[in-house]
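Here is a quick walk through one model, taken topic by topic. Keep the viewer open as you read.

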Amino acid sequence: MKHALAENLVMAAELTIKPDKVDEFLDYTVANLKISRDYPGNLAFDILINEAEPERVMFYEVWASAEAQKTYMAWRIEAGDLTKLLSLLAGEPKFTALRSIAA
């Protein structure tokens, strides 16, 4: 690529929650949100709910680097959090890694 990209990594995750698990999902993620936001290397972590379809959720995360995000995900997997989260979903999450163009 001709242009350099910023080191910060934006990770977007699109999730569809099982309709009967929306409240459980929200309870679980709200309880863990501060932990995610306080994790080393995290610059922003938001959970966005589609108002028209509350079972459709997006995680918007900004990390200081791809390595910081990778370390965080490894920690969540080891702790069993990813297994818990996946049990509440109606299908596989879609992850998209994004970077802005460095100016």
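What follows covers strands, aromatic rings and charged side chains.

## Ground rules

This is a predicted model, so to speak: local features need pLDDT of at least 70, side-chain atom pairs count only at pLDDT 80 or more, and totals for chains, interfaces and linings use all residues. Residues are numbered from 1 along each chain as its sequence is written, and side-chain values use heavy atoms, with hydrogens and water left out.

Let's start with strand β1, residues 9–16. Helices (H or I, at least four residues) and strands (E, at least two) are DSSP runs, numbered from the N terminus. Six of the eight residues in β1 are buried, which leaves the strand mostly covered. Buried here means under 20% relative accessible area, exposed means over 50%, and partly exposed is in between (1.4 Å probe, protein chains only).

Strand β1 pairs with two others, where pairing takes at least two DSSP bridges between the strands. With β3 (residues 56–63), β1 runs antiparallel over eight bridges, and Thr 16 has Arg 56 as its bridge partner there. With β4 (residues 94–98), the sense is again antiparallel, with five bridges; Val 10 is partnered by Leu 98.

## Aromatic rings

The structure has eight aromatic pairs. Rings of Phe, Tyr and Trp (its six-membered ring) pair if their centres lie within 6.5 Å; planes under 30 degrees apart count as stacked, over 60 as edge-to-face and the rest as tilted. Take Tyr 39 and Trp 63: their ring centres are 6.4 Å apart and their planes sit at 70°, so this pair is edge-to-face. Tyr 39 is in the loop between α1 (22–38) and β2 (42–49) while Trp 63 is in strand β3, so the pair ties together parts 24 residues apart in sequence. Both Tyr 39 and Trp 63 are buried.

Tyr 39 also pairs with Trp 75, and because the centres are 5.1 Å apart with planes at 35°, that pair is tilted. This one links the α1–β2 loop to helix α2 (residues 66–79), with Tyr 39 and Trp 75 being 36 residues apart. How accessible are the two partners, Tyr 39 and Trp 75? Tyr 39 has a relative accessible area of 16%, so it is buried, whereas Trp 75, at 33%, is partly exposed. Zoom out and Tyr 39, Trp 63 and Trp 75 belong to one aromatic cluster, along with Phe 25, Phe 45, Phe 59 and Tyr 72.

## Charged side chains

Side chains of opposite charge can pair when their charged atoms come close. Six salt bridges turn up in a search of the whole structure, each being a side-chain nitrogen of Lys or Arg within 4 Å of a carboxyl oxygen of Asp or Glu. One of them joins Lys 94 and Glu 14 at 4.0 Å, N to O. That pair links strand β4 to strand β1, across 80 residues. Lys 94 is partly exposed at 48% relative accessible area, and so is Glu 14 at 32%.

Lys 34 and Asp 38 meet at 2.6 Å, N to O; they are four residues apart in helix α1, so about one helical turn separates them. Lys 34 counts as exposed, at 58%. Asp 46 bridges to Arg 37, with the closest N and O atoms 3.1 Å apart. Finally, Lys 84 is part of a salt-bridge network with Lys 21 and Glu 24. Lys 84 also lies over the face of Tyr 28, 5.9 Å from the ring centre (the cut-offs being NZ of Lys or CZ of Arg within 6 Å of the ring centre and within 35 degrees of the ring normal).
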